[in-house]
Amino acid sequence: MSIEAKKQIIDVGDGAAIPRKSDRGLFTAWRIAFFGAIGTISYLAYSKPDPYLEILKFVPDGIAVTFKVTLGAILLAIVIGLITGLGRISKNRFFNGVASLYVEIIRGIPLLVQIFYIYYALGNIVKVPAILSAIIAMAVCYGAYMGEVVRAGIESIAKGQREAALSLGMNGRQAMIHVILPQAVKVILPPVGNEFIALLKDSSLVSIIAVADLLRRGREYASESFTYFETYTVIALIYLIITLFFSKIIGVMEERVSVNK
Amino acid sequence: MKSLRILTAVLALGLCVASAAFAVPKKAITVASDATWPPMEFVDANKKVVGFDIDFINAVAKEAGLQVTVKNTAWDGIFAGVEAGQYDAIISSVTITPERQAKYDFTVPYVQIGQILVVPKAEKGTKIADLKGKKLGAQIGTTGAMEVKKVAGVELKTYDEVGLAFEDMAAGRIAGVVCDEPTAITYALQKKEYSSKFKIVGKSFTKEAYGIVVKKGNKELVAQLNKGIAAVQKKKIDAQLKKKWQLK
């Protein structure tokens with residue numbers, strides 16, 4: 001395989017599409033969706049305060065929990081992913097085997113089942129607050145996917161880079177830390193951004209273990225006011241605004257990184 | 001000519017079959033139930049939805065000349081389903097409350113119960129107000145959840161199923177669970193894994209009555225079900241069912 005063929009952008013993930021300046025159509029779609037969602041939610045709250053404004057007043061602490069779970073899980077997942085990714089390309093057979101086994105097992109189990117499992121398994125061993133269990137469950141799942149992203153990112157760096165570093169007198173570890181990883185980060189960043197958006201959406205699954213996130217707060221409101229349609233309209237719009245907002249930020253970050261290529 | 005005669009015969013036969021099929025016009029209805037609330041409605045070892053409510057609705061239907069299919073439905077959203085016409089009625093330990101009556105129609109009450117508090121054996125408090133600063137669990141959208149919410153200083157945690165709340169209490173994540181008394185008895189006293197860990201404290205502190213829910217405005221079905229309930233009560237079938245499912 002030629003060096004050029006290897007240097008591709010990894011584009012996996014089921015996150016919201018991140019608009020890049022070159023993609024005009026997507027950029028416009030982002031604007032329409034983002035400002036459309038904000039406009040719709042404002043209009044509804046203004047024209048029909050009961051129930052729309054009431055719902056908006058009820059859910060903010062749920063949004064905070066959704067953020068907490070997402071940020072905690074993505075940070076932990078990046079750490080797990082880095083270790084797993086290095087394990088997957090490691091020549092140490094034990095380290096490699098453990099990392100590969102972890103990826104195989106996690107990717108073969110639905111996230112919802114993992115959340116239930118980790119939540120109740122942890123409950124039997126240690127006393128962990130629900131929200132921390134949720135963060136751990138999400139991070140363990142996403143760590144496996146992140147590991148694959150890291151692995152692909154490292155493998156996308158030309159072999160010559162490592163060889164050059166070694167010939168300069170660096171050892172394998174130094175070459176990885178000072179030469180390979182800094183370059184791999186640029187390749188890894190877009191898919192990590194995608195994973196972040198996907199994790200943000202999947203965080204709604206933690207409402208099943210009674211974590212009071214955005215979806216759970218919405219369900220609580222709906223279950224007592226019986227305004228299911230109105231509540232889920234608001235919840236969907238809030239998720240949309242949040243994910244579009246972050247996809248934009250990640251898009252800007254990627255452009256910054258790619259400028260000094 | 002011959003073909004015409006055959007055609008007539010076929011038509012006549014068809015009419016006979018059709019009229020035979022409609023001879024006993026038993027109206028078929030679908031009734032939703034959240035089968036996670038023993039002993040009222042739950043899934044048994046044979047994966048069948050059973051319980052007091054299920055036996056009761058079958059008895060009522062028999063008296064009212066209805067044909068019933070029970071549909072196991074998640075509690076969260078069960079009201080939305082009856083409104084959307086996915087099923088005709090709900091029998092799922094639904095307490096008749098003014099808020100619910102404003103949105104849905106109810107039959108006459110058929111069982112009287114109350115909310116009760118279940119706590120770990122070591123707990124000294126005997127009512128919700130004794131557990132200030134702690135977390136209490138209840139199933140989402142139930143009268144138990146509403147009772148916890150009424151008390152300031154206690155944090156409510158809502159669960160999709162009451163069983164998950166009990167499991168969380170066993171893991172030490174919450175300090176108590178509030179639910180209907182019959183269900184509390186089943187979980188706290190009759191389940192092997194919980195009976196050594198939990199206890200029921202105090203007496204039931206609300207007076208509530210279960211009713212069957214139908215879509216607002218479906219007066220015909222309410223009348224039919226009420227007729228069935230009256231017949232069941234007159235024949236003392238409900239008393240037998242209470243005995244069978246060990247209700248007070």
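Modeller: Two residues are in contact if their C-beta atoms, placed from the backbone, lie within 7 Å. In chain B, among contacts between residues at least 6 apart in sequence, 69% join residues at least 24 apart. The model is a predicted one, in which local features need pLDDT of at least 70 and side-chain atom pairs count only at pLDDT 80 or more, whereas totals for chains, interfaces and linings use all residues. Residues are numbered from 1 along each chain as its sequence is written, and chains are lettered from A and ligands numbered from 1 in the order in which they are written.

Colleague: How many helices and strands are there in chain B, and into which domains is chain B assigned?

Modeller: Helices (H or I, at least four residues) and strands (E, at least two) are DSSP runs, numbered from the N terminus, and chain B has 10 helices and 15 strands. Domain bounds come from an automatic or database domain assignment, which for chain B gives domain 1 (21-112 + 210-244) and domain 2 (115-201). The centres of domain 1 and domain 2 of chain B, taken over C-alpha atoms, are separated by 26 Å, and 10 residues of domain 1 of chain B are in contact with 12 residues of domain 2 of chain B.

Colleague: Which residues touch the most other members in the largest nonpolar core?

Modeller: In soluble globular proteins, nonpolar side chains tend to be buried together. A residue is buried if 20 or more other C-beta atoms lie within 10 Å of its own, exposed if 12 or fewer, and partly exposed in between; a nonpolar core is a set of buried Ala, Val, Leu, Ile, Met, Phe, Trp, Tyr and Cys residues joined through C-beta atoms within 7 Å. In the largest nonpolar core, which has 113 residues, A:Ala134, A:Met138, B:Ala89 and B:Ile90 touch the most other members. Helix α7 (residues 130-155) of chain A gives the largest share of this core, 15 residues, and the core also draws at least three residues from each of domain 1 and domain 2 of chain B. Leaving aside neighbours within four places in sequence, A:Ala134 is in contact with A:Val69, A:Ile115, A:Val206, A:Ile209 and A:Val211.

Colleague: At what angle do helix α8 and helix α9 of chain A pack?

Modeller: Two packed helices are described by the angle between their axes and the distance between the axes. Axes are lines fitted to C-alpha atoms, for helices over the stretch in contact, and angles run from 0 to 180 degrees between N-to-C directions. Helix α8 (residues 159-167) and helix α9 (residues 172-202) of chain A pack at an angle of about 155 degrees, with their axes 10 Å apart. That makes α8(A) roughly antiparallel to α9(A), a term for angles over 145 degrees. Where they meet, A:Gln161, A:Arg162, A:Ala165 and A:Leu166 in α8(A) face A:Ala175, A:Val179, A:Ile180 and A:Gln183 in α9(A).

Notes. Parallel < 35°, antiparallel > 145°, perpendicular 65-115°, else oblique.
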